[in-house]
Amino acid sequence: MLDAYLALEDGRVIEARGRAPGRTRGELVFTTAYTGYEESLTDPSYEEQVLTFSYPLIGNYGVRSERFESERIHPRAAIAREFTDEIVEWFNHEDVPAIDHIDTRELVTSIREEGAMNCGIAVGSDVTPGDATAELDQCISMSDHIDIGKRVTTVEHTTYGGANAEVHVALIDCGAKMSIVDSLVERGVAVHVLPYDTTPEMLTEVDPDLLFISNGPGDPANFEAAQTLVEEYTGEIPIAGICLGQQVVARALGGTTEKMNFGHRGVNQPVRDLDSGKVVMTTQNHGYTVGDPGETLNVCQINVNDGTAEGLTNRDLDVITRQYHPEAHPGPHDSFGFFDEVLEMTGQDTATETDSSSDRAVIADN
Ligand SMILES: NC(=O)CC[C@H](N)C(=O)O
């Protein structure tokens, strides 16, 4: 058996069972999602974080790559009450430290009370509590990870979907989940996945009908290039954003973003649409939020629990964003219609073309 220690910013060092060895550090967060562990673990937005599952048994329906949202596990380490042997094999294969046999109820309660905090983890046959503390001592704050985008983005322009499509979407990959690409491609458009630091000049070459800013890890303030694109293209072509995308769009159009206490991570966050009054259940994974939306954007949806901005819009400028994840994976499908709403801004009626069987998008022949 491997020894394991988790050192917390509040001074505690907790002993656990080691399942996959290694030493690492990161921001300790939790998700309340009870399924969808493959999707969560491969969601690039978890880069530089240590993910705690509040649901006690993780790995119980295996590990299948069809459900991955990217090519690798992104959290630096994973914590659960109990991991199955099959998921532990995956952690070992990817060199991601994992610990279990820990009181995750207590841990989640601490994060709720004290906020997301830094932690250090040491797992191995000869590790000590001091090894975990040494990792914690080297842990920097999330906003100091200024180059986080570089670690999660595509390095080159990749096109998905029909090469003959009428509508071309530029998806700025700040750490995009593959389900966002799938959701667009199944509506018959071509998706150009572009690096997070794409410049306005590079975007001119693609000549897109829609600019879409993806989800992504860390502080939205560290995605200045994407912000510049929004500043340059607002009013020229329609603009959409999901999660970090909403935050970047808000910052570009005069709004502010701020760090939340422990964020929203799970698959049952209630969101109210202010026009219709309708409430939907949503998938979420974020630690920052839009504070002041600024003069240009209107808040069109709010979180029922805490009133934070879940949707922003400016109908005249054709801008529409969501703080939650309409693409789901994991979680409820209530908000798939967001993609139809977004593509309507390009003049394409895609609602009738949608095939929700959701086969993985294929790369187009350029
Ligand atoms: N899923 C995301 O895009 C997360 C956005 C941002 N990194 C946050 O934590 O708020």
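Here is a short walk through this structure, from its confidence scores to its domains and its ligand.

The model is a predicted one, in which local features need pLDDT of at least 70 and side-chain atom pairs count only at pLDDT 80 or more, while totals for chains, interfaces and linings use all residues. Residues are numbered from 1 along each chain as its sequence is written. The protein averages a pLDDT of 95, where pLDDT is the predictor's confidence in each residue, from 0 to 100. The complex receives an ipTM of 0.98 and a pTM of 0.96 from the predictor.

Let us look at the domains next. The protein is divided into domain 1 (2-140) and domain 2 (148-344), with bounds that come from an automatic or database domain assignment. Their C-alpha centres lie 27 Å apart. Where they meet, 21 residues of domain 1 are in contact with 24 residues of domain 2 (C-beta atoms, placed from the backbone, within 7 Å). On the domain 1 side, strand 3 (22-31), helix 1 (37-41) and helix 3 (104-114) each give two or more residues, and strand 3 has the largest share, with three residues. Helices (H or I, at least four residues) and strands (E, at least two) are DSSP runs, numbered from the N terminus.

Now turn to the ligand. Residues around the ligand include Ser45, Cys243 and Tyr288, and a residue counts as near if its C-beta atom, placed from the backbone, lies within 6 Å. Strand 16 (residues 279-290) gives the most to this shell, with four residues.

Notes. Two residues are in contact if their C-beta atoms, placed from the backbone, lie within 7 Å.
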